[in-house]
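Let us walk through the inside of this protein.

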Amino acid sequence: MFLAGCILPTQYMVEMRDGIHLATDVYLPKNQNNPHGSILIRTPYNKNPIGIVGMTWAGQGWPTIIQDMRGRYGSEGIDTVFRNAHTDGPDTLEWIADQSWSNGKIATWGGSALGINQYYMAGANPPNLACQFIQVATPNLYKHVAYQGGEFREAMVERWLASQGSLHVLPEMFEHENYTLEFWTNVSLEDNWPDVNVPAIHIGGWYDCMAQGPIEGFMGYQYLGGSGAQGNSKLIMGPWTHGGHTGDLIYPENSKDTFSEDMFWDMVEQFTMDGPNDYDTWPTVSYYVLGDVDDVEAPGKEWRYADDWPPLPYTQTEWYFHENSVLSTDAPGSYDPITYNYDPTDPVPTVGGQNLKIAAGAKDQSSIEGRDDVILFTTPILDDPYEATGPIKARLYVSSDCIDTDFTVKLCDVYPDGRSIIITDSILRMRNRNGFDHWEFMNPGEIYEIEVEIWDTSYVWNTGHQIRVAVSSSNYPRFKANPNTGEPMGVNESYIVAENTLYFDSTHQSCIVLPEVALPIKSAAPNNPNRITGRNIIKSGVEYSYSVKVDDPEGDNIYALFDWGDDSYSGWVGPFKSGEKIEASHVWDKKGSYDIRVKVKDGTGAKSEWSESINIKVPIEKRLTSEKVKQIISNKIEQYPGLKHLYSAPIFQKLFDLEVTDIIPMD
């Protein structure tokens, strides 16, 4: 039987402070008599399918508790979409701490909705919360989910609510489209960071629909939190969307998260079991630098590590808009403004970016950049790489003939072949230009200076590429199309075509402000790699490791790039110390002969030559024919008749892809 020996849950209906009971499965390790640290997962997505997590962790000695959130699946009450997380979470922690198997120290785990409710639980400062592992989530539901830049994130919110059967909360969200603590305080930590008193690992992706959430969550815990949180958090930012892929661009093998699970267990051991301080040895910030995926040796495409976010030093560099669609660090001259029509019934369609329920990731914007309502500014072709790592904003001078409208800003990398790949973007609803807690309508024709906050990134434009900024007034259905009428959210029955104007002259210096990271002065290149070591005859589908040692003449740290010979590369792995063993692994899927080589670079970008290659072979695997398998089984059954019942088991039928009755009749 498959479940034989498995740890099965005991379900409880745990009572909350208002009398509602939440369905809660408890997975306990066998033969564990002493109180122990435990792990809590709260989900709106049904606890039953993730029971394998509870079985696994309990099998490893960790009491694991998985709970359906209020109004979801087995739990009572009405789904309030996180608005009760700040009470239901602490009430559940208190119940766990009262159990005989608990030592009163509880870790929480989960991503997306499972991560969002962790944030609001922590804001209540529950005494039994020990640490948290929060993935692709946000501590501010208003700012990063519902109303980015004051405009409603239509595709993300409406489609997610519909998929959960929770559209009943939408009218209330529309009624509170302005940010007020009376309504939004339960789903925001902005007003109570000091009440957060636990370490946490915050994980996000540059193309995730809540990309800014983990960054601001980390910064809130790390710099503004209580004594138990400050200085104890970690941030991991990778090149991923909410689903883990990267869009149209394929990043190399090193882009995978291969370390956060180890970091999680070190944290749990340290803070729930008073274990060793291994969690403290991990870098505070681990971030993946995006870059040119077509050029194998291009800068970026590597993990870097820092003590703070944003990493220092960087310079806020203003890239100004010029006539003839030029983007430059030179101050603008006396240029005429550009006026365009924004029609809410014909908005600029969304193509990739930081989305959830629609196509996401690094996608080419060329198909929409020729529209009359999309204004482009592009640098000349870059002679040197250019890096921006940190927060981004745009400063625009604009006017409209309407009392309200939107302005959007998109940052792209133009590849040599003309593809314009989105990096990040944002929006500002003009009525919220001076705050999201109130409205200030425009005077038609008046020029306004505005700042559009664009989410953080880490990106290197390669030599031969161009930096591009696109300004418009819509990005639909990522954002709701503003009807330009000034009516409240969700009630307008009419629209106006807006005549919007962008100014970029010496008096109105519209620009995008990038966190420029200066190119390091290159030092002497590392020595060329010596002989690569590893297996020469291997099997397909199996992971093998290969290693090399390299010295740097100045003792700099080293990154290595492995060419696996099958049109794939490791990406820059490291950093390693000079002379340290450098190791990377790979899986070859097809038979054949492959030449592996490696080159290295130091932290300044100075590169060695490629090493001499070594040849590996993946031979053809000899497989038994169906007739041969039948003959072997027939011989075995003839020798040992009792085996015919064993070979008739489903697992053998699937393994051999035949019915045993094809060989010998059953009694």
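The structure holds zero disulfides, a disulfide being a pair of cysteine sulfur atoms within 2.5 Å. Cys 209 is in no such pair; its nearest cysteine sulfur, on Cys 412, is 19 Å away. Cys 209 counts as buried because its relative accessibility is 0%; buried means under 20% relative accessible area, with a 1.4 Å probe and protein chains only. Cys 402 is buried too, at 4%.

This is a predicted model: local features need pLDDT of at least 70, side-chain atom pairs count only at pLDDT 80 or more, and totals for chains, interfaces and linings use all residues. Residues are numbered from 1 along each chain as its sequence is written, and side-chain values use heavy atoms, without hydrogens and water.

Now the cores. The largest nonpolar core has 86 residues, and Leu 396, Trp 461 and Leu 514 have the most contacts inside it. Such a core is a set of buried Ala, Val, Leu, Ile, Met, Phe, Trp, Tyr and Cys residues joined through side-chain atoms within 4.5 Å. Another core, of 53 residues, lies apart from it and includes Ile 20 and Tyr 179.

What is the volume of the largest cavity? It is about 110 Å³, a volume being the space filled by probe spheres set on the grid points, which are joined across faces, edges and corners. A cavity is a set of points on a 1 Å grid over the protein atoms alone where a 1.4 Å probe fits but cannot get out; lining residues have an atom within 4 Å of a point. Among the 14 lining residues, Val 348, Val 374, Lys 410, Ala 470 and Ser 472 lie nearest the centre of the largest cavity.

Definitions and conventions: Buried < 20%, exposed > 50% of the residue type's maximum accessible area, 1.4 Å probe, protein only. 1 Å grid on protein atoms, 1.4 Å probe; cavity = no way out; pocket = protein on both sides within 12 Å on 5 of 7 lines; lining within 4 Å.
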